[in-house]
Amino acid sequence: MKAIAAFVLAASVAALVTPAVAQFAKPEDAIKYRQSAMTVMGTHFARLGAMANGKTAFDARQAAGNAVIVESLSKLPWAAFGEGTDKGGNTKALPDVWKDSAKFKESADKLVAEATKLSAAAKVGTLDSLKVAFGSAANTCKGCHDNFRAK
Ligand code: ASC
């Protein structure tokens, strides 16, 4: 009984200290996950871009809906950049993601902040408000891609 209790305790502690990357069975799974989150985020971000750039008609309800998705998705990719996920799949992530992890974390946090602002701006319901926030968020996407993603 004592042995079982000790085992359960050890297992619980292990679960608490296990890094987020261990939620993925294989590096390929983490790579697929983060790319999928980026793809869905990019799809909805591009719909906002089309409105912001006048390629499609501005629709306040659509804009708000797309921006909420971008805001939610912006939080997901980062836990899938754990140690050991620099290889193993079809990744474009550059070594600096892990070598300069403080800067990468800062960039990730900036995107989350920008996406939160974008969502708030889209809820204002005007094209002007969307344009400003979209431009700022797009620069943040580009900045991180320039530094941390292979062409
Ligand atoms: C997008 C998308 C990106 C960014 C970036 C902004 O729609 O998929 O990666 O915008 O191109 O410069």
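Biologist: What should I know before I start reading?
Modeller: This is a predicted model, in which local features need pLDDT of at least 70 and side-chain atom pairs count only at pLDDT 80 or more, while totals for chains, interfaces and linings use all residues. Residues are numbered from 1 along each chain as its sequence is written, and side-chain values use heavy atoms, with hydrogens and water left out.

Biologist: How many helices and strands does the protein chain have?
Modeller: The protein chain has 6 helices and 0 strands, where helices (H or I, at least four residues) and strands (E, at least two) are DSSP runs, numbered from the N terminus.

Biologist: And what share of the residues is buried?
Modeller: Of the 151 residues in the protein chain, 32% count as buried; here buried means under 20% relative accessible area, exposed means over 50%, and partly exposed lies in between, with a 1.4 Å probe and protein chains only. The chain exposes about 9,100 Å², of which carbon and sulfur atoms supply 62%, and accessible areas of this kind come from the Shrake-Rupley method with a 1.4 Å probe, where for residues only the protein chains shown count as cover.

Biologist: What does the side chain of R34 make a polar contact with, then?
Modeller: The partner is the side chain of T91, at 3.0 Å. A polar contact is a pair of N or O atoms within 3.5 Å; within protein, one must be able to donate a hydrogen and the other to accept it, and residues adjacent in sequence count only if both atoms are side-chain atoms. Leaving aside neighbours within four places in sequence, R34 is also in contact (heavy atoms within 4.5 Å) with residues including P77, F81 and W98.

Biologist: How many salt bridges does a search of the whole structure find?
Modeller: The search finds 5; one of them joins D109 and K105 at 2.8 Å, N to O, and both of these residues lie in helix α5 (residues 101–124), 4 residues apart, about one turn of the helix. Another joins D146 and K142, also at 2.8 Å, and these two are separated by about one helical turn because they are 4 residues apart in helix α6 (residues 127–148). D146 is partly exposed at 41%, and K142 is partly exposed at 48%.

Biologist: Switching topic, which residues are around the ligand?
Modeller: They are F45, A138, C141, K142 and H145, where a residue is near a molecule if one of its heavy atoms lies within 4 Å of it. Taken alone the ligand exposes 320 Å², and the protein buries 59% of that. A backbone N or O atom of A138 lies 3.4 Å from an oxygen atom of the ligand, and a polar side-chain atom of H145 lies 3.5 Å from an oxygen atom of the ligand.

Terms used
A salt bridge is a side-chain nitrogen of Lys or Arg within 4 Å of a carboxyl oxygen of Asp or Glu.
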